Amino acid sequence: MEPAAIAKLQAELNLLVIEEDTEVRRILYTLTATVAEHTPTLRRNIEAMEILDVLFAKAKLSAAMQAIPVEIGGQRRLDIKQGRHPLLKAEHCVPLNFTMEEETTGVIITGPNTGGKTVAVKTVGLLSLMAQCGLHIPCAAGSYIAMQDAFWCDIGDSQNISQNLSTFSGHISNVIEILEHASHDSLVLLDELGSGTDPAEGMGIAIAVLEELRQRGCMFLVTTHYPQVKTYAETTSGVQSARMAFNRESLCPLYQLEMGKTGESCALHIAARLGLAPHLLNRAHAVVYGSREAPAPAPVATLPAPKSGLVRLVLAKEPLNFTAKFSMGDSVEVLQTGETGIVYRPADDRGDVIVQVKGEKRTLKHNRIKLKVPAAELYPPDYDFSIIFDTVERRKARKQMGKHHNPNISIIYTE
């Protein structure tokens, strides 16, 4: 309930609130109209601020990378002098010198593992993309970057459990997509092409893909360990070899790209440097190179194999007792043929059982027959099994010999 005196004051308050809201709206409408009158000028200022912001960001990045502007044009060539990957510190980075002339379609980079092949490919691709985006790149003066319509790459492990992709199928899926879209003016980067499957088949796929890229005219960079791919680079026009340098004496990579040369993987030397045991290195060398003398690996301390943390309880095995498995007169089934027989002699110490099947006695292993009905359920306790296993003639002869000796009668057992 509201008193009459308060009702009048409440009405005045509501009126003032409405007037205040009206005044606020009037001011906002006036300011909005004023801003609308200067929209073109404000839009130009915003665009200028965006451009200046991007330029200052580029300049700040260029200063941080110690980068310079490079020439970029329509010539189909790359010339990167003293290039550095932007994510590597300048004081620890070995500069990359990469040259790809106009008559060269692709470069195949070989060399040792951990030697810097992938970093070299990434550096070329990233610096090319940065230059085409209008950025300064960390390199020396005199570098040249070719214009590209697209950059396609397959680098790293493409394994994906959720998409049911193995390492090989992931790589091939990327390669198929690249071949569907890469044009004459595209730059293609492929790391370890054809890896993740049978070496012979992977090598064939690698050469087929490279030949397709070469005929299409794409500029491509590929890393590989396959010897046939190395030979392809040496014998195919328009394809150039390159290698990452490796110091065999110190067993350390030099991270320097040498154009026009083919390198070795040096897997055994690198494994020795990383600590693989000498006897494993010698065994691996024997498998790869046969009887040729293995190079002396770097001294490596051989550690004893760690003990398992599992506690296993080994129970003593009781000697097998085959003699108690069957009894004379048991009805059994021959598993191989499904025939039914009667046990004539139980299993001996070797597990052999003599079974009478259709009047014929056969020697079978105990695990080749299965008990159907035991003799105790088929015959009385004092049953004469000769009725089953002996012929009538033998039974008569045994009966006569039991009465008196007759030299003209003999019983021959053939079991």
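# Briefing: cores, helix faces and enclosed spaces

E192 has a relative accessible area of 23%, and it therefore counts as partly exposed. The structure shown above is a predicted model. The protein has 415 residues, of which 32% count as buried, and it contains 11 helices and 15 strands. Where contacts join residues at least 6 apart in sequence, 60% of them link residues at least 24 apart.

**Positive phi angles**

- Most residues other than glycine have a negative phi.
- E192 has a phi near 55°, a positive value in a residue other than glycine.
- The loop between β7 and α5 holds E192.
- Q82 also has a positive phi, near 55°, without being a glycine.
- Q82 belongs to strand β2, and its relative accessibility of 36% is why it counts as partly exposed.

**The nonpolar cores**

- In soluble globular proteins, nonpolar side chains tend to be buried together.
- The largest nonpolar core has 27 residues, and the members that touch the most others are L78, F98, I137 and L221.
- Several elements supply at least two residues each to this core: the strands are β2 (78–83), β3 (96–100), β4 (106–110), β5 (144–146), β7 (186–190), β8 (219–223) and β9 (239–247), and the helix is α3 (117–132).
- Helix α3 provides the largest share of this core, with 6 residues.
- When residues up to four places away in sequence are not counted, I137 touches A67, I68, V70, L127, M130, A131 and I145.
- There is also a second, separate core of 20 residues, with I108, L193, C218 and F220 among them.

- An α-helix has 3.6 residues a turn, so residues three or four places apart point the same way.
- Helix α6 spans residues 227–235, and its residues V229, K230, Y232 and A233 are buried.
- The exposed residues E234 and T235 are carried on the face of α6 that is turned away from its buried side.

- H85 is located in the loop between β2 and β3.
- Buried means under 20% relative accessible area, and H85 counts as buried because its relative accessibility is 12%.
- Apart from its neighbours within four places in sequence, H85 makes contact with C93, K122, T123 and L126.
- I388 is part of helix α10, which runs over residues 386–389.
- I388 counts as partly exposed because its relative accessibility is 24%.
- The contacts of I388, with residues up to four places away in sequence not counted, are Q356, Y379 and Y383.
- I388 and G359 are separated by 29 residues in sequence, while their C-alpha atoms are 8.9 Å apart in space.

**The cavity**

- Rolling a probe the size of a water molecule over the atoms shows where empty space is left.
- A search of the whole structure finds 1 cavity of 30 Å³ or more, and the largest cavity has a volume of about 30 Å³.
- The lining of the largest cavity is made up of D154, F168, H171, I172, V175, E192, L193, G194 and S195.
- Helix α4 (residues 167–181) gives the most to this lining, with 4 residues.
- The lining of the largest cavity consists of 4 nonpolar, 3 polar and 2 charged residues.
- E192 of this lining is one of the residues described above with a positive phi, and L193 of this lining is a member of the second core.

**The second largest pocket**

- The second largest pocket has a volume of about 240 Å³.
- Its lining comprises 18 residues, and those nearest the centre of the pocket are L88, C93, V94, V119 and Y255.
- Helix α3 and strand β10 (252–259) are the elements that give two or more residues to this lining.
- The lining of the second largest pocket divides into 10 nonpolar, 7 polar and 1 charged.
- C93 of this lining is one of the residues in contact with H85.

How values were computed:
Residues are numbered from 1 along each chain as its sequence is written. This is a predicted model: local features need pLDDT of at least 70, side-chain atom pairs count only at pLDDT 80 or more; totals for chains, interfaces and linings use all residues. Side-chain values use heavy atoms; hydrogens and water are left out. A nonpolar core is a set of buried Ala, Val, Leu, Ile, Met, Phe, Trp, Tyr and Cys residues joined through side-chain atoms within 4.5 Å. Buried means under 20% relative accessible area, exposed over 50%, partly exposed in between (1.4 Å probe, protein chains only). Contact means heavy atoms within 4.5 Å. On a 1 Å grid over the protein atoms alone, a cavity is a set of points where a 1.4 Å probe fits but cannot get out, and a pocket is an open set with protein on both sides within 12 Å along at least five of seven lines; lining residues have an atom within 4 Å of a point. Grid points are joined across faces, edges and corners, and a volume is the space filled by probe spheres set on the points. Ala, Val, Leu, Ile, Met, Phe, Trp, Tyr, Cys and Pro count as nonpolar, Asp, Glu, Lys and Arg as charged, and the others, Gly among them, as polar.
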